[in-house]
Amino acid sequence: MSLTAKDVAVVKALWGKIGAKADDIGAEALGRMLTVYPQTKTYFAHWADLSPGSAPVKKHGKTIMGAVSAAVASIEDLPGAMSQLSELHAYKLRVDPSNFKILSHNLLVVLAIQFPSDFTPEVHVAMDKFLSAVALALSEKYR
Amino acid sequence: MVEWTDFERATIQDIFSKMDYESVGHNALARCLVVYPWTQRYFGNFGNLYNAAAIMGNPKVAAHGAVVLHGLDRAVKNMDNIKATYAELSVLHSEKLHVDPDNFRLLADCLTIVVASRLGTGFTADVQAAFQKFLAVVGAALRKQYH
């Protein structure tokens, strides 16, 4: 299920629209994930405050979206671009890769809320494919 | 026996009481067929599902989307007895329709996204949690009679 030229164009176009909202989108998606899928909180036991909108959630949402934005910019070579992050997740963070799907779903929900008329089924499938490709690149170093 | 908090019950009743079943059903099923094209395997007699525009404009998709949503309504009205309410439908999906139960989650995710885009900021994280829990319970009930 690799990205077609059309997928790439659609993802870049949507990312262009997202612009400065990226940080907020990341924070909201992360907050939703922690609420809707409480098992994901196990990775953040070291945070003082896990509630949506809290400082650690906002900061980490921004970090995540920064990485996703970088992935959009290097969409032609995701495994290469995500190599270091893959090592981090594989050797240090050891996040079960099934959680990447969960975060992706919540990112899509936030996009649907914030861009209701832009997030058509065609845009949805392109974004879902892109986030799946990012997740795959992130899992690359696991074993 | 599924335990529902007052918030969860109220949220589910609220969402469905305000919902346009025809429109949401149509859009959710169409989205599922576009985003997860392998789900089209169950709709061989629906005619043209060749691209997103064809799927969205297909009257059989629209009609069936409404059927699915009205089917969900049964669970909305019987939240304390979803398993029993769906026993027959579970047998139907298993024995007659031969639907892979993984597809229930795919459709549920598309339904979540359609409802999210309609409710906007009203679809808070807590509302999302309640809605997804409801759809998970429905999925589990539909899966129950598979063997």
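This tour moves through selected salt bridges and then through aromatic ring pairs in a predicted model.

Residues are numbered from 1 along each chain as its sequence is written, while chains are lettered from A and ligands numbered from 1 in the order in which they are written. Local features need pLDDT of at least 70, side-chain atom pairs count only at pLDDT 80 or more, and totals for chains, interfaces and linings use all residues, whereas side-chain values use heavy atoms, with hydrogens and water left out.

**Salt bridges**

Over all chains there are eight salt bridges, each defined as a side-chain nitrogen of Lys or Arg within 4 Å of a carboxyl oxygen of Asp or Glu.

Begin by selecting Glu28(A) and Arg32(A), whose side chains meet in a salt bridge at 2.8 Å, N to O. Both belong to helix α2 (residues 22-36) of chain A and are four residues apart, about one turn of the helix; helices here are DSSP runs (H or I, at least four residues), numbered from the N terminus. Glu28(A) is partly exposed at 27% relative accessibility, whereas Arg32(A) is buried at 4%, where buried means under 20% relative accessible area, exposed over 50%, and partly exposed in between (1.4 Å probe, protein chains only).

Next, go to chain B and select Arg105(B) with Asp109(B), a salt bridge in which the closest N and O atoms are 3.8 Å apart. Helix α7 (residues 102-119) of chain B holds both residues, four residues apart; Arg105(B) is partly exposed at 45%, and Asp109(B) is buried at 14%.

Then select Asp80(B) and Arg9(B), which meet in a salt bridge at 2.9 Å, N to O. This pair links distant parts of the chain, 71 residues apart, with Asp80(B) in the loop between α4 (59-77) and α5 (82-85) and Arg9(B) in helix α1 (residues 6-17). Asp80(B) is partly exposed at 40%, and Arg9(B) is partly exposed at 29%.

**Aromatic pairs**

Ten aromatic pairs are found over all chains; rings of Phe, Tyr and Trp (its six-membered ring) pair if their centres lie within 6.5 Å, and planes under 30 degrees apart count as stacked, over 60 as edge-to-face and the rest as tilted.

Select Phe16(B) and Phe134(B), an edge-to-face pair with ring centres 5.6 Å apart and planes at 65°. Because Phe16(B) lies in helix α1 and Phe134(B) in helix α8 (residues 125-143), the pair ties together parts that are 118 residues apart in sequence, and both residues are buried.

Phe123(B) is buried at 0%, and Phe131(B) is buried at 0%. To see the cluster that ring pairs form, select Trp4(B), Phe16(B), Tyr21(B), Phe123(B), Phe131(B) and Phe134(B) together.

Methods. Helix = DSSP H or I, 4+ residues; strand = E, 2+ residues; numbered from the N terminus.
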